[in-house]
Amino acid sequence: MSDSTSTSDESRDQDFRASDGQNAQFRGQTSEPKGSLDETEKSQSSDENGQQFEVDDPLFSQRTGIFRNKEMVRVGWVPDGNRIVGRDDYISTISSCLNDAVYGGAPNHISITGKTGTGKSLVSRYVTRRAVNASVDDVRMGHTYLDCSKSSTEVQVISTIGQQLNDESIYDEAEDIVKMPDTGLPTDKFYKRLWQILAHYDSVIIILDEVDLLRSDHVLMSLAKAVESNDTSCQIGIIAISNQINYFDELNPRTKSAFQAVELNFDPYNATQIQDILRGREDAFRDGVLTDDVIPLVAAFSAQEHGDARKAMRLFRTAGELADREGSGVVEEHHVRRSQDTLEKDRFRDFLQGTPTQMKAACLSIAAKSLYSRDDYIITGELYDAYQQITNAVDMDTIGIRRFRDILDEMQLSQVIETKEVNMGKGGGRHNSHRLLHNPEVILDIVVEDTRFRAISKASLKRFA
C-alpha cells in the first residue's frame, strides 16, 4: 500500500474507534461474544497508567507489575490497523469482497486457508469490523464470529449465529423479540428463527473459523443460498477459514456450487515480521521491563515453527507471566527459554495423549535423527530404519513402511514435523524428507513418561540414529 493509503487507513482507524459505540443501536451491531476488543479494553483501562490495586485476600497478592495491559498479548485480541504486519494485500482483497455489503448489497463469500498463526482470523475480524463501522446511515449491517471447534453441529452453528445477532436494539418496540435457545427445537425451527432475526438486517458478515471442524457442510450451503432460496432478504457474506489447504476442494458438490467464494491463502510470517508484530504489542508491558533480547528470541522460536504468530504471542505473554510470578522486575532471555520448554512440552503432551505406542516410537526415531544427524531434513527410509531399531530395543511389534508413512502424515498435519519432497539426483529418485518442529529433548522427556519407553535415554538414542 502507498503512504497515502496507510495514512487514510490510520485516520479511518481513529474514526472506527471513536464511533464504534455510537452506531451500535442502528448499524454496526457488535455481534461477537463477550470478551471482544471493546469490552477488554474497558476492563483494562483503569490500569493503563500503572495504578495499583489493593486486595484483601493474601492468597491473591499484588504482582510486581510486568504488564500494563495483558489483554493485548492474548491470542484473539484484535489490534488497530497500524499493528497488523505484512497483511496489507489480504486486507485490501477482503475489503473489496465486503464492499457492497457496506451499502446493503451482496458481498462476495471468501474462503481463506493457511497454516495456524498466519493472521487469517485476525485480519478477517479486523476488516469486518471496519466494514460494519463504514456502513452507510440507512443500512443495518451486522457481523458475527464463530469458532467451529466449539460449535460444530448444524444446530449449534445456527443457534450461536442467531444469539450473537439477536440484539434487542434491532427490534421496534411493538415487535416481540425472537427467542433463540441453545437446544430443544427441530433444525428447521432454528433456521426459521434465524431468518426472522436476519429480517432486521440489510447485510450480515458471518465468519466461520476452523470451518473444517463442522460435522457437516450442509449449514455452509444453507447460509450461502439463503437469499436465492427466499429464506431471507438479508445479504449474507460468509468468510470461511480453514488450516487445511484442500478443505474447500473437497466440499460436497452442492455446497461447492452454492458457496462460490474468492479464494485466499495466507503465507506464514517470517522472523522479521514476527518481530514487528511483537514490537507492536510491546506496550502491553510496562516501560523498561523487556530486555533487548526478549523479542528477537521469541521471534526466532516462532520462525522455526512455520512463522506462527499465535505461538509467538503465547510465548511472549507466558514469559511475562513467569517473570511476574517470580517477582522479577524485568523479562529476560531465561524467562523466554523456560516458557518455551513448558509450552512445547504441553503442546507435545496434548498431541501424544491417547496415541498408540507406534506413534511414540516414530516420534523417538525423528528425535534421535534430529539430535545426532547433521541434516535438518531426514528422508523417510532413514527414519524407518531408526524406528525399527527402537521397536526392537523395547520389544514391540514393528509396522510396515506404508503404515509408517501414514503416521508421518499425521505428524505433519499436527505440525510435529515439516515434510517436503527432495530430488536425490540421477538414479536416486524423489523422496519425502522430514524436519522436526520441536525440541528433540522435549520429545524424549514426554515419550519416556510411557513405561514402555522408560529404558530409553538421550545417550541411548544415539545408537538408533
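**View 1. The accessible surface and make-up of the whole chain.** The accessible surface of the chain comes to about 22,800 Å², and 43% of that area belongs to carbon and sulfur atoms; accessible areas come from the Shrake-Rupley method with a 1.4 Å probe, and for residues only the protein chains shown count as cover. This is a predicted model, in which local features need pLDDT of at least 70 and side-chain atom pairs count only at pLDDT 80 or more, while totals for chains, interfaces and linings use all residues. Residues are numbered from 1 along each chain as its sequence is written, and side-chain values use heavy atoms, with hydrogens and water left out. The chain holds 17 helices and nine strands, where helices (H or I, at least four residues) and strands (E, at least two) are DSSP runs numbered from the N terminus. Of the 465 residues in the chain, 50% are buried; buried means under 20% relative accessible area, exposed means over 50%, and partly exposed lies in between (1.4 Å probe, protein chains only). Among the contacts in the chain with a separation of 6 or more, 73% join residues 24 or more positions apart, a contact being heavy atoms within 4.5 Å.

**View 2. Helix α5 and what covers it.** Helix α5 runs over residues 154–165, and at 1.5 Å a residue its twelve residues should span 16 Å, which agrees with the 17 Å between its end C-alpha atoms; the expected span of a helix is 1.5 Å times one less than its number of residues. The buried residues in α5 are V157, I158, S159, T160, I161, G162, Q164 and L165. Their cover includes the strands β3 (141–147) and β4 (203–209), together with the helices α6 (187–198) and α7 (218–224). T160, which has its place in α5, counts as buried because its relative accessibility is 17%. When residues up to four places away in sequence are not counted, T160 touches L146 and S151.

**View 3. Helix α10 beside helix α12.** Two packed helices are described by the angle between their axes and the distance between the axes. The axes of α10 (residues 294–303) and α12 (residues 333–352) come within 9 Å and cross at roughly 25°, which makes α10 roughly parallel to α12. Here the axes are lines fitted to C-alpha atoms, for helices over the stretch in contact, and angles run from 0 to 180 degrees between N-to-C directions; angles under 35 degrees count as roughly parallel, over 145 as roughly antiparallel, 65 to 115 as roughly perpendicular and the rest as oblique. V294, L297, V298 and F301 of α10 make the contact with E333, V336, R337 and Q340 of α12. Seven of the ten residues of α10 are buried, so α10 is largely enclosed by the rest of the structure. These buried residues are V294, I295, L297, V298, A299, F301 and S302, and what covers them includes α9 (271–279), α11 (309–325) and α12.

View 4. On the α12 side, E344, K345, F348, R349 and L352 meet V442, I443, D445, I446 and V447 in α16. E344, found in α12, is buried, with a relative accessible area of 3%. E344 touches L437, H438, N439 and V442, not counting residues up to four places away in sequence. The C-alpha atoms of E344 and N439 are separated by 7.8 Å, although these residues are 95 residues apart along the chain.

View 5. S135 has its place in the loop between α4 (120–134) and β3, and is buried, with a relative accessible area of 2%. E210 lies in the loop between β4 and α7, where its phi is near 50°, a positive value in a residue other than glycine; E210 is partly exposed, with a relative accessible area of 26%. N230, in the loop between α7 and β5 (235–242), has a phi near 65°, also a positive value in a residue other than glycine, and is exposed, with a relative accessible area of 70%.
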